[in-house]
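Here is a short report for a first look at this model. Keep the sequence and the 3D view open as you read.

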Amino acid sequence: MLRLAIQKSGRLSEDSLKLIRECGITFISSSLKLKTESTNFPLEILYLRDDDIPGYVADGVADIGIVGENVLVEEGMQALAVEQLGFSKCRLSLAVPKADEYSDITDLEGKNIATSYPNLLQSYLQEKGVQAHIHTISGSVEIAPSIGLADAICDIVSSGSTLISNGLKEVERVFKSQAVLIANENLNADKKQILEKLLFRIHAVQRAQKAKYILLNTPNEKIAEISRLLPGAKSPSILPLAEEGWSSLHSVVNEDDFWEIIEKLKDAGAQGILVVPIEKMIV
Ligand code: PRT
Ligand code: ZN
């Protein structure tokens, strides 16, 4: 049995549970429970505050966990990281009042900066050779300049709308973050094996998220040209159509290249192009 710690309620919770479900792991989730066990995989889920997750995993109370890299690195526990998960993307940024003139980081020399991430901020300032006074506060960081508590703030930004609505502008990006899977460094052989199984499933889910299954019709004389445009899992599958001289071609495309490829396929004579999501992908 492997114990997974995820955030009880917050920005990481929904996507963490979604990932586990997409791995085919079923369990009863209830916002009132602190612990739940999967019905079809040797996994127990603990619901915790995100800040506590690295500590619990380091101590072995939980075997693995899902947490933001910002929290992990702030707590000095980056050694536990196993795998970036691609969700809850955000950045830790420095921001100053909109009306302030700002040219570069040296403008913050000797200034007061409010943050909940003193360690990440300190190492960034040190790297830039800037000395400032760091005020550690646990929340509502963005109001610090307007109440006279600080000249600048260093906080998590995602869309940027919180900064704008508090009359602030983002001036430096200190750290880029996303959700990461972490693991205790001394898992026994049994637990390691379960973790390997889980990672195998996570990789299949992640691969599928980036890939699309594409089906199209092509005149036979265009098969070679169109196949070259489709760097699929291996090579495209080609099936004859009922109509003489035509074939149906099936392959996989990467979401990032998707629109560019579609244009080229049309130009090359492809017709009836269908693009469908892939649920799991094992290579
Ligand atoms: O109760 P608990 O301690 O478990 O949760 P929490 O309140 O400490 O954390 P939570 O749920 O807010 O965030 C959990 C993790 O989500 C963070 O550690 C980040 O890794 C990640 N994340 C992603 C974010 C954001 N996006 C985010 N936008 N964490 C916080 N924010 C906040 C930010 O602090 C600011 O107040 O959202 C505001 C900015 O958002 P925008 O969109 O207006 O820029
Ligand atoms: Zn927290």
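## The second largest pocket

Helix H6 is the top contributor to the lining of the second largest pocket, giving 5 residues. The structure shown is a predicted model. H6 spans residues 189-210, and helix H1 (13-22) also supplies at least two residues of this lining.

In all, 14 residues line the second largest pocket. Those nearest its centre are Leu-85, Gly-86, Gln-206, Gln-209 and Lys-210. The pocket has a volume of about 350 Å³. Its lining has 7 charged, 4 polar and 3 nonpolar residues.

## The largest pocket

The largest pocket has a volume of about 1100 Å³. Its lining counts 38 residues. Find the centre through Arg-11, Asn-70, Tyr-117, Asp-155 and Ile-156, which lie nearest to it. By class, 17 lining residues are polar, 11 are nonpolar and 10 are charged.

Three elements each supply at least two residues of this lining: helix H3 (69-74), strand S9 (152-157) and helix H5 (161-165). The largest share comes from S9, with 4 residues.

## Domains

The domain assignment divides the chain into three parts. Domain 1 is made of two stretches, 2-88 and 179-208. Domain 2 covers 90-177, and domain 3 covers 211-277. The C-alpha centres of domain 2 and domain 3 are 49 Å apart.

Where does the largest pocket lie relative to domain 1 and domain 2? Both domains give residues to its lining, so the pocket lies between them.

## The zinc site

The zinc ion (ligand 2) is coordinated by Asp-50 and Asp-51. Both use OD atoms, at 1.9 to 2.1 Å. Why is the arrangement around this zinc ion called irregular? Its 4 donor atoms subtend angles of 74 to 172°. To count as tetrahedral, four donors need all angles between 85 and 135 degrees. The arrangement at the zinc ion is irregular because of its angles. For reference, the ideal angle for four tetrahedral donors is 109.5 degrees.

The two aspartates fall into separate accessibility classes. Asp-50 has 17% relative accessibility, so it counts as buried. Asp-51 has 34%, so it counts as partly exposed. The cut-off for buried is under 20%.

## A buried valine

Val-57 sits in helix H2, which runs over residues 53-59. Is Val-57 buried or exposed? Its relative accessibility is 0%, so it counts as buried.

Ala-183 is 126 residues apart from it in sequence. Even so, 6.3 Å separates the C-alpha atoms of Val-57 and Ala-183.

## Two serines with positive phi

Most residues other than glycine have a negative phi. Ser-88 has a positive phi, near 50°. It lies in the loop between strand S5 (81-84) and strand S6 (90-97). With 22% relative accessibility, Ser-88 counts as partly exposed.

Ser-140 also has a positive phi, near 45°. Its place is the loop between strand S8 (133-136) and S9. Ser-140 has a relative accessible area of 48%, so it is partly exposed.

Note on methods:
Residues are numbered from 1 along each chain as its sequence is written. Chains are lettered from A and ligands numbered from 1 in the order in which they are written. This is a predicted model: local features need pLDDT of at least 70, side-chain atom pairs count only at pLDDT 80 or more; totals for chains, interfaces and linings use all residues. Side-chain values use heavy atoms; hydrogens and water are left out. Donors are N, O and S atoms within 2.8 Å of the metal (3.2 Å for Na, K and Ca); water is not among the atoms, so sites may look incomplete. Four donors count as tetrahedral if all angles lie between 85 and 135 degrees; four count as square planar and six as octahedral if opposite donors are over 155 degrees apart and all others between 65 and 115; anything else is irregular. Buried means under 20% relative accessible area, exposed over 50%, partly exposed in between (1.4 Å probe, protein chains only). On a 1 Å grid over the protein atoms alone, a cavity is a set of points where a 1.4 Å probe fits but cannot get out, and a pocket is an open set with protein on both sides within 12 Å along at least five of seven lines; lining residues have an atom within 4 Å of a point. Grid points are joined across faces, edges and corners, and a volume is the space filled by probe spheres set on the points. Ala, Val, Leu, Ile, Met, Phe, Trp, Tyr, Cys and Pro count as nonpolar, Asp, Glu, Lys and Arg as charged, and the others, Gly among them, as polar. Domain bounds come from an automatic or database domain assignment.
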